[in-house]
Amino acid sequence: MKLFPIIFLLFSALGFSQVNWMTMNEALEAQKKEPRKILMKSYTDWCPNCKWMDKYAFAKADIAKFINENYYPVSFNAEGTEVINYKGATYANPLKKRNDRAQHQFAEFIKIFEYPTLVFFDEKGTIINPVAGKLDAKKLEIYITMLADETYKSINTGQKWSDYQRNFKYKLQGK
């Protein structure tokens, strides 16, 4: 029992942090009280790249802290059974009982066809942009900072995107 405080202090000293995931409905409700962007991680249970991102990108303490401070982070199983109420419509997965891998209606609505896919929403719950595919911690940092500070609004050509990535100063990669 005496080891628990020592272990807790050790994790605290190492900067142990994790993303405080919530449901989409919880995030949309939270936006009504305190407007903030939503970062939705869509995944499936069978997706190895989704598990890899959880372990190697989202688990980085500085990235998790940044996400928690700047977004309502949503973890969405694109083959799950969660009922989502979004912009006056209800989305579910009525085919799940017949097909374990049936895609959720919300994933279809957003047009998510690759896992993992991150979907960014503005402070009013409107979709800004989906980002499909496996992202390492560095690539994830580029996206979460660019969307949080609204730099993305000025990146409207391939050249500006290339320049932004090349000149990006990493701050969340730990020491």
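A salt bridge here is a side-chain nitrogen of Lys or Arg within 4 Å of a carboxyl oxygen of Asp or Glu. You're looking at a predicted model, where local features need pLDDT of at least 70, side-chain atom pairs count only at pLDDT 80 or more, and totals for chains, interfaces and linings use all residues. Residues are numbered from 1 along each chain as its sequence is written, and side-chain values use heavy atoms, with hydrogens and water left out.

**Stop 1: the salt-bridge network**

Select Lys37 and Glu123: their closest N and O atoms sit 3.0 Å apart, forming a salt bridge. Lys37 is in strand β1 (residues 37-43) and Glu123 in the loop between β5 and β6 (127-132), so this pair ties together parts 86 residues apart in sequence. (Helices, H or I of at least four residues, and strands, E of at least two, are DSSP runs numbered from the N terminus.) Lys37 is buried at 3% relative accessible area, while Glu123 is partly exposed at 30%; buried means under 20%, exposed over 50%, and partly exposed in between, with a 1.4 Å probe and protein chains only.

Lys37, Glu123, Glu150 and Lys153 are linked in a network of salt bridges. Lys153 is exposed at 55%.

**Stop 2**

Most residues other than glycine have a negative phi, and most peptide bonds are trans.

Jump to the loop between α5 and β5 for Lys111, which also isn't a glycine but has a positive phi of about 70°. Lys111 is exposed, at 61%. Then pick Pro116, in the loop between α5 (105-110) and β5 (117-121). The Tyr115 to Pro116 peptide bond is cis, with omega near -5°.

**Stop 3: α7**

Show Asp163 and Arg166, whose side chains meet in a salt bridge (2.4 Å, N to O). They are three residues apart in helix α7, so about one helical turn separates them. Arg166 is exposed at 57%, and Asp163 partly exposed at 24%.

**Stop 4: α4 against α6**

Which residues of α4 and α6 make the contact? Select Ile63, Phe66, Ile67 and Asn70 of α4, plus Ala137, Leu140, Ile144, Thr145 and Ala148 of α6; contact means heavy atoms within 4.5 Å.
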